[in-house]
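Visitor: I would like to learn how to read a few features of a protein model. Please take them one at a time.

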Amino acid sequence: MKKRLAMILAGACLVSLLGGCGGNGTSENAGSQESAGAQQEEEKQPQEAAAEETEAGETGKDAAESASGETDDYYMVNGKTPEEVTGNILFWSWDPNFFEMVEKMNTIYPNVTFDFVTVASADDYMQKLQAALTSGSDVPDILAMEINNLGRFYDMGICDDLETHGIDPSLLVPYLEEMGRDNNGTFIGIPNTAAPGGLYYRRDIAKEYLGTDDPDEITAMIKDWDSFIETGKKIKEASGGEVSMIPGIDTLVQPLVNQTGLRWRDGNKLTVQENFTDVIALMQKIKDADIDAGLDVWTPAWNASFAQGNVFCCPGSCWFQSYVIEPNDPEGAGNWGVAEVPGGYYNWGGIWWGMYNQSENKDAVAAWMKYELTVEGAQNKYDLIHFYPGVKAVYEDDYLNKPNEFYGGQNVTELYLKEMDEMTVLRPIADDALFYNSMTFFAQSLEGTPEEIADKIEEDIISSNPQYEK
Amino acid sequence: MMKMNKTKWIDGLINLLIIVIATVSIIPFLLMFLMATQDNQTIFAGRILTLGHSLSTNFKTIVEAEYFRSFLNSLFVSISSTALTVFFGAMAGFGFAKYDFKHKKLIFQLVILTMLVPMEVGLVAFVWEMRVLHLSKTFLPLILPNMANAFSVFWMTQYIKDAFPYELIESGRIDGCTDMGIFLRMALPIIKPAIFTLSIISFLQSWNNYLLPMIMINDPKKFTIPLVIASIGNMFVADYGARLLAVAAGILPIMIVFIIFSKQITEGLASGAVKG
């Protein structure tokens, strides 16, 4: 018995050590390019009303249309034909749908292969990426820059200039292109999706308590926050307190903040007091009206409210359809509508794809990006998971510009297009997540005066990152 | 007679208390197994005390997520890492407890001091080290750190100090046994309870480890259970039913091991408590 135990222990040691002999880690990627003083960025104008027109740009349309299957100039990458473009792309993502989406490029570029790695969330992604960059280990060739982290990517200096690889920024919806440029104006990311907002409401509840489920009529009923509150009270009263207008007050943080187009800091100086006291006061007003169900955003109960019929509507973004409403309310097709959120158009969410500047597969990444910006690439994206593409030319296409069955035949694309033309755009900055998390947390209780709450939010941000000051 | 009745009452109350505590402890497990058969909608609707109809869907989801491969990976990593922790912990503990050498106290304190430094602090350096050693594409980064586990050294030192008398070493030497022989043939069998306890602690630690595999593992074929569980569902809506089925399936082997070795484990914990 003694012998056996000793043998087992020694054997296990040996086996586990031998296991390592098969490894051949050969990654020689250079170390981090993140500059130490990255936080001291020169930020651009805090707010930009992107009133530029989203006209179906001629350049974009032409390029995309010409790129519809044949090997032509559009698909050439640094002088290589699609067949000549090779490489093995390391791609990390928190959503396996992206793997399927990315792989579609093989229809044009058959000799590009992939190594896919699932990471649980955008936060884990950043942690893993920073460890990889600082240790010089395998860094993904395609960088997934989620909007909450996009501001950090502007400063990190790890993204290649995409224009040098023939990626044409003029193909994009203007506000998305603008967000894809870093603080020096270098074009570092193509958008995965446009993310215009909307008020997603249940048609059955609308009919029962408001007498109509028509999106235009609903929009007219809630043209400003006061009428939004009145409508909420009406539903609550008519339902005997059973149905709330919205799931929770913190759900309003993203829309309300983005609608202002204002920033939470100017350099290192916090501007929450200055810029967001009104937003907090408005949230308090809505809370005092008692029209919310008291559900904190992203919690299981919040998710459940989409199917339970105890909440009328939820302000969100176009990706809510596939990522929030459908998974939570699988039987709900046809029972949802999209109205306009009071207070103006906004962008909520989005991912930008960048190219790691030390990548050894730049041609392959550039090829993929070219594919993504074609009509076919954009349609694949929409067919797969209803991403509204960032390519402006495709919004004329029938597959996109048509009644949406999930929304009871409403043509939501028209609304999204209008929003993309007129929305207020809030350009991301480093540490955005700190602000949004803090704002969301305090929006759950809203105790104190708006000034006191704004002060607490600033204190909270400073406790997480002491370089900021009031 | 009165006294008998009073004792019975007290016993009954204690039993009732034990039943209540046991029920409170068991309910989360029971709910986990029930919720593993349900879909999100049923769970969210609060019908968690009923058997759901989604067991096969959830099972399909975890199979598609390569759960069973990750199970084998976790098993390999945890067993190897536990064996190393116990073996090297016992060796170091034996040295500290039974040998006198220069600066012994200082070295022991240094080992204990490393417990104060969270693993996260040295994470980047560790990732770099693994890359330089060309080990980052193997399981070794998840296994090797446990060879130098301060807690296991401390645990074993304390246990061996009390449980293994110096006279046994002398008698071993008189009979011609080498020092390694004394450790392997005499010390290890005597400290079996401590080995079982340490094994279960380090196995669980390795089995549940999330951060290190998340940072180190880039090959989905080498994913461990916590990585696979965390990635079931989308970023905004977790597939709770499938996740709970994966958790339940991951807990079962640990429960089986615990049931088989429960006597030794509790013995080890108790003796550690008395002799410490």
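Guide: A helix here is a DSSP run of H or I with at least four residues, and helices are numbered from the N terminus. The model is predicted. In chain B, B:Arg69 lies in helix α4, which spans residues 67–98.

Visitor: Is B:Arg69 buried, exposed or partly exposed, and what is its relative accessibility?

Guide: Buried means under 20% relative accessible area and exposed means over 50%, with partly exposed in between. B:Arg69 has a relative accessibility of 32%, so B:Arg69 counts as partly exposed.

Visitor: How many residues separate B:Arg69 and B:Pro220 along the chain, and what is the distance between their C-alpha atoms?

Guide: B:Arg69 and B:Pro220 are 151 residues apart along the chain, and 9.7 Å separates their C-alpha atoms.

Visitor: Now chain A. How many helices and strands does chain A have?

Guide: Chain A has 18 helices and twelve strands. Of its 470 residues, 60% are buried. The accessible surface of chain A is about 17400 Å², and carbon and sulfur atoms account for 47% of that surface.

Visitor: What share of the contacts in chain A joins residues at least 24 apart?

Guide: Taking contacts between residues at least 6 apart in sequence, 77% join residues at least 24 apart.

Visitor: How is a pair of packed helices described?

Guide: Two packed helices are described by the angle between their axes and by the distance between those axes. In chain A, helix α7 (residues 203–210) and helix α9 (residues 225–238) pack at an angle of about 85°, and their axes are 10 Å apart. The two helices α7(A) and α9(A) are therefore roughly perpendicular to each other.

Visitor: Which residues of α7(A) and α9(A) meet?

Guide: From α7(A) come A:Ile205, A:Tyr209 and A:Leu210; they meet A:Thr231, A:Lys234, A:Ile235 and A:Ala238 in α9(A). By class, this contact has five nonpolar residues, one polar and one charged.

Visitor: Which strands form the open sheet, and in what order?

Guide: Three strands of chain A form an open sheet in the order β9-β6-β10, with antiparallel pairing. The edges are β9 (313–317) and β10 (336–339) of chain A; each has a single partner strand, so one side of each is left without a neighbour in the sheet. On average, neighbouring strands of this sheet are turned by 35° against each other, direction ignored.

Visitor: How many bridges join β6 of chain A to β10(A)?

Guide: Strand β6 (residues 197–202) of chain A is joined to β10(A) by four bridges, and the two run antiparallel. A:Tyr200 stands opposite A:Val338 in β10(A).

Key: Residues are numbered from 1 along each chain as its sequence is written. Chains are lettered from A and ligands numbered from 1 in the order in which they are written. This is a predicted model: local features need pLDDT of at least 70, side-chain atom pairs count only at pLDDT 80 or more; totals for chains, interfaces and linings use all residues. Side-chain values use heavy atoms; hydrogens and water are left out. Buried means under 20% relative accessible area, exposed over 50%, partly exposed in between (1.4 Å probe, protein chains only). Contact means heavy atoms within 4.5 Å. Accessible areas come from the Shrake-Rupley method with a 1.4 Å probe; for residues, only the protein chains shown count as cover. Axes are lines fitted to C-alpha atoms, for helices over the stretch in contact, and angles run from 0 to 180 degrees between N-to-C directions. Angles under 35 degrees count as roughly parallel, over 145 as roughly antiparallel, 65 to 115 as roughly perpendicular and the rest as oblique. Ala, Val, Leu, Ile, Met, Phe, Trp, Tyr, Cys and Pro count as nonpolar, Asp, Glu, Lys and Arg as charged, and the others, Gly among them, as polar. Two strands pair if DSSP finds at least two bridges between them.
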